[in-house]
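Open the model in your viewer and keep the selection panel at hand. The tour below goes stop by stop.

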Amino acid sequence: LSIFRDDDIERGGNLNWELDKAIKGSQISIIVFSKDYASSEWCLDELVMILDCKDTSRHTAFPVFYDVEPSEVRNQRGSFADAFSRYEEQLINAGSDTESEKELMKKSSVDLSLDAIVSHSADLDAIVSHSADLDAIVSHSADLVKSDSDLVLFNVESTSDLADRVSLKARFIQKIVRVTEEKLNRTVLSVPHHLVGMDFRVQNIHHWLQEDESADANILVIYGMGGIGKTTIAKITYNLNFHRFDSSSFVANVKQHAEQFDGILELQNQVLSDILKGEKGRPYNDEQGSIKIGQAIYSKRVLVVLDDVDKPKQFEALLGTRVFYPGSKIILTTRKKGLLGAHAAHEVHEVEILGCDESSKLFSWHAFGQDHPIDGYVEQSERLVRRCEGLPLALQVLGKSVVVWEDALSKLEEVPHTDIQKILKISYDTLQDDYDKNLFLHIACFFIGEEKDDTVKILEKCGLHPTVGIDSLIDGCLLTIENGNKLMMHQLLQEMGKEIVRNESPKEPGRRSRL
């Protein structure tokens, strides 16, 4: 493990840039709560930074309680109550000193209770709730090590024998290392860098996952139109909660894989490998796969996410049973609200389109690298945002077409509001040359899910300059690299590419550029 300790840097009046860099470059932050923790301005500032970093869903944090009870932190008792009372009193006495007031707000707003872990926006003028992090920070330690007690070392100094004290601390450190290694070995799913409006949309699902084992429904169906953010929401939810279960599995692009030869069997192998943590047991056919999965999850508390399911038989093949271990949770994403019908007790969650402000922020992040339009582009931005009608994929893709907006705007005026395929095609039309257009069509038709390096070797023979072209498609949000080094594309974009080829000769496939 590569470790950064915050006491290795000099502590000044402001947070050192090294600390900011270290937190953002780490996978895990271990927050050691002690009796004097809340009395330290440095510690509270650092906690604010960790919570802000955790909002990206790429950073994990978990607490260690050293000589302090978790309830003291959760409920602000003892030394924690005293510290926050002092901050509130100082805030009242700060008067008109704006800078002092902001600094005190910064400390007093780090409310460590379970009901409200809070932080600041960048300018410290607003307090932003971290309610989605409740169990992920302070309260989830009990779920981290189910075979042992919580990560709590209490009253160790009262042990009279020095050898006993040393032994207790050594075992405690070993437990922390074991938990850290386990979490580092669990893959965190990649999500977009600019997440807008996701806190609100994830919150209800997060609460559903916290329900006790007696909850009526342990299956949740997340539904909505293509490109609305179902997969992103599922990934964020998975990243925030997978550590709370005995085993977990995220199965991406179920519909796409199911259409391929032995596709379901490959997905079953993935589920089994994830749930059994790499143990052998590869099934020979779909039926045997369903039986093995049912046996694997029957006795474990699992979190399974099936992404882009379009048929009930896919759900049945990949879970093998509808009898789950108490506390297990199953999430499906689909475009079909009634996918499961009345065959299973389940809840449904509709993903709503982004509001006007959210749409403008998401579009601006991709177009300008900030959350609002730059001067001179406000009117054009508003027109483009309106035409996207709150669809995140369209906002993301068109935001990257900023260099050819006038052309894009004129084309948008001719597109029906409901025709997202035509809206997305504008991003294809604005590619700079035929090389990139042909590369996009080749990848959409033949190379989704293939290794990037292998694809580059093949396409170089076609004279398409794939290395530069792939970077261009990625920059335009038309292509992503996932699962190590595989080429991936949103299904709507892939369908758009295939439709472009089909329209070359709708009735005579032999006259098309690609078959």
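Select Glu499 to begin: at 35% relative accessibility, Glu499 is partly exposed. That class sits between buried (under 20% relative accessible area) and exposed (over 50%), using a 1.4 Å probe and protein chains only. A salt bridge here is a side-chain nitrogen of Lys or Arg within 4 Å of a carboxyl oxygen of Asp or Glu. Both residues lie in helix 23 (residues 491–502), three residues apart, about one turn of the helix. Helices (H or I, at least four residues) and strands (E, at least two) are DSSP runs, numbered from the N terminus.

## Before going further

This is a predicted model, in which local features need pLDDT of at least 70, side-chain atom pairs count only at pLDDT 80 or more, and totals for chains, interfaces and linings use all residues. Residues are numbered from 1 along each chain as its sequence is written, and side-chain values use heavy atoms, with hydrogens and water left out.

Colour by pLDDT, the predictor's confidence in each residue, from 0 to 100. The protein chain has a mean of 76, and 75% of its residues reach 70 or more. Confidence is highest in strand 8 (residues 302–306), at a mean of 94, and lowest in strand 4 (residues 127–129), at 27. Now select residues 108–149, where pLDDT stays under 50. The model has 116 contacts (heavy atoms within 4.5 Å) beyond four places in sequence for this stretch.

## Salt bridges across the sequence

How many salt bridges are there by this rule? The count comes to four. Select Glu358 and Arg201: their closest N and O atoms are 3.1 Å apart. Glu358 lies in helix 15 (residues 356–368) and Arg201 in helix 9 (residues 198–209), so the pair ties together parts that are 157 residues apart in sequence. Is Arg201 buried or exposed? Arg201 is buried, at 8% relative accessibility. Glu358 is partly exposed, at 22%.

Move to Glu482 and Lys235, which form a salt bridge at 3.6 Å, N to O. Glu482 is in strand 11 (residues 480–482) and Lys235 in helix 10 (residues 230–241), so this pair links parts that are 247 residues apart in sequence.

Show the open sheet of five strands, with order 7-8-9-6-10 and parallel pairing. Strand 7 (247–251) and strand 10 (347–350) stand at the edges, each with a single partner strand, so one side of each lacks a neighbour in the sheet. The twist averages 15 degrees from one strand to the next. Strands pair if DSSP finds at least two bridges between them; strand 6 (residues 219–223) and strand 10 are joined by four. Pick Tyr223: its bridge partner in strand 10 is Glu350.

Axes are lines fitted to C-alpha atoms, for helices over the stretch in contact, and angles run from 0 to 180 degrees between N-to-C directions.

## Last stop: aromatic cluster

Select Phe33, Tyr37, Phe65 and Phe80, which form one aromatic cluster. Rings of Phe, Tyr and Trp (its six-membered ring) pair if their centres lie within 6.5 Å.

Terms used. Rings of Phe, Tyr and Trp (its six-membered ring) pair if their centres lie within 6.5 Å; planes under 30 degrees apart count as stacked, over 60 as edge-to-face and the rest as tilted.
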